[in-house]
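Please look over the model below before reading on. The notes that follow take it point by point.

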Amino acid sequence: LGTTAYIINTKAIEKLLRDEKENNGFYAPIPDVMAKLFPETRYATNPTIFVRAPNTKSLVNPQLDDLRSFLFLPSVAAFAQQLL
């Protein structure tokens, strides 16, 4: 429901490209591939959920725009963050 950014080095990029080639291209979402290839080195520096403008439409997953418009409301996001 949001965006995840990864900071990786050249060695990690090469490993991702090898994995993609060995699996004949796309076979799983990037978070799954990253977890598979780098299980001991993934860290969440700011695991804050629902930080996004509620009216921003998705370019890749528009079927969830209605849900996002609710989840990303500041009051809903603040409540969810307090629960964490």
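**Notes on the model**

1. Start at helix 4, residues 74-83, where Val76, Ala77 and Ala80 are the buried residues. Buried means under 20% relative accessible area, exposed over 50%, and partly exposed in between (1.4 Å probe, protein chains only). These three cover an arc of only 95° around the axis, so they sit on the same side of helix 4. The arc is that of the directions from the helix axis to the C-beta atoms. On the other side of helix 4, Pro74, Ser75, Phe79 and Gln82 are exposed. The buried residues of helix 4 pack against helix 3 (65-71). Contact here means heavy atoms within 4.5 Å.

2. A word on the source. This is a predicted model, in which local features need pLDDT of at least 70 and side-chain atom pairs count only at pLDDT 80 or more, while totals for chains, interfaces and linings use all residues. Residues are numbered from 1 along each chain as its sequence is written, and side-chain values use heavy atoms, with hydrogens and water left out.

3. Confidence next. pLDDT is the predictor's confidence in each residue, from 0 to 100. The protein averages 81, and 81% of the residues score at least 70. Among the elements, helix 1 has the highest mean pLDDT (94) and helix 4 the lowest (82).

4. The overall make-up is 4 helices and 0 strands. Along the sequence the pattern reads α-α-α-α. Both kinds of element are DSSP runs, numbered from the N terminus: helices are H or I, at least four residues, and strands are E, at least two. Of the 84 residues, 20% count as buried.

5. How do helix 1 and helix 2 cross? The axes of helix 1 (residues 10-22) and helix 2 (residues 30-37) come within 11 Å and cross at roughly 110°. That makes helix 1 roughly perpendicular to helix 2. Angles of 65 to 115 degrees count as roughly perpendicular, under 35 as roughly parallel, over 145 as roughly antiparallel and the rest as oblique. Helix 1 brings Lys15, Leu16 and Asp19 to the contact; helix 2 brings Ile30, Val33, Met34, Lys36 and Leu37. The residues of this contact divide into 5 nonpolar, no polar and 3 charged.

6. Ala12 also lies in helix 1. Is Ala12 buried or exposed? Ala12 counts as buried because its relative accessibility is 9%. The C-alpha atoms of Ala12 and Met34 are separated by 9.6 Å, with the two residues 22 apart along the chain.

Notes. Axes are lines fitted to C-alpha atoms, for helices over the stretch in contact, and angles run from 0 to 180 degrees between N-to-C directions. Ala, Val, Leu, Ile, Met, Phe, Trp, Tyr, Cys and Pro count as nonpolar, Asp, Glu, Lys and Arg as charged, and the others, Gly among them, as polar.
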